[in-house]
Amino acid sequence: TLSNQYRKLHFAVMVIEATAKKQKVKGEVMYQRLKAQDLIRQRLLRHYETLHTQSLNWVVEDTIETLNNWEKEKKQIQ
């Protein structure tokens, strides 16, 4: 439904902004890094039902760890 999509997108935006703040970068920079790994769709949106029950701080820490791991993996493959 539309309201469910809105909640998922609102959650993703909130996590992106909070992650950017924690990493001391602009939201756009964090968005581009997450987008490059397809982490927004594959992690934040796909696992919304589980992730949104956690604290924002936990999700931010998990997002940073996942992003770093996925970026590292991608570099090893190339």
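Read along its sequence, the protein chain of this predicted model follows the pattern α-α-α-α-α, and its secondary structure comes to five helices and zero strands. The radius of gyration is 12 Å, close to the 12 Å that the globule rule gives for 78 residues, so the chain is as compact as a globular protein of that length.

**Overall dimensions and surface**

- Taken along the principal axes, the box filled by the C-alpha atoms of the protein chain is roughly 40 × 25 × 20 Å.
- Of the 78 residues in the protein chain, 28% are buried, while the chain as a whole exposes about 5600 Å², of which carbon and sulfur atoms supply 53%.
- When contacts in the protein chain are taken between residues at least 6 apart in sequence, 69% of them join residues that are at least 24 apart.

**Threonine 66 in helix α5**

- Threonine 66 has its place in helix α5, which covers residues 56-77, and it counts as buried because its relative accessibility is 7%, where the cut-off for buried is under 20%.
- A polar atom of the side chain of threonine 66 lies 2.8 Å from the backbone oxygen of aspartate 62.
- Once neighbours within four places in sequence are left aside, threonine 66 is in contact with Leu39 and Arg43, and Leu39 falls within the residues 39-45 that make up helix α3.

**Glutamine 42 in helix α3**

- Glutamine 42 is placed in helix α3, residues 39-45, and with a relative accessibility of 31% it counts as partly exposed, a class that lies between the buried limit of 20% and the exposed limit of 50%.
- If residues up to four places away in sequence are not counted, glutamine 42 touches His47 and Trp70, and Trp70 belongs to the stretch 56-77 of helix α5.

**Glutamine 32 in helix α2**

- Glutamine 32 lies in helix α2, which is made up of residues 27-36, and its relative accessible area of 39% makes it partly exposed.
- The C-alpha atom of glutamine 32 is separated by 10.0 Å from that of isoleucine 16, a residue that is 16 residues apart from it along the chain.

Definitions and conventions
Residues are numbered from 1 along each chain as its sequence is written. This is a predicted model: local features need pLDDT of at least 70, side-chain atom pairs count only at pLDDT 80 or more; totals for chains, interfaces and linings use all residues. Side-chain values use heavy atoms; hydrogens and water are left out. Helices (H or I, at least four residues) and strands (E, at least two) are DSSP runs, numbered from the N terminus. The radius of gyration is taken over C-alpha atoms; the globule rule is 2.2 Å times the number of residues to the power 0.38. Buried means under 20% relative accessible area, exposed over 50%, partly exposed in between (1.4 Å probe, protein chains only). Contact means heavy atoms within 4.5 Å. Accessible areas come from the Shrake-Rupley method with a 1.4 Å probe; for residues, only the protein chains shown count as cover. A polar contact is a pair of N or O atoms within 3.5 Å; within protein, one must be able to donate a hydrogen and the other to accept it, and residues adjacent in sequence count only if both atoms are side-chain atoms.
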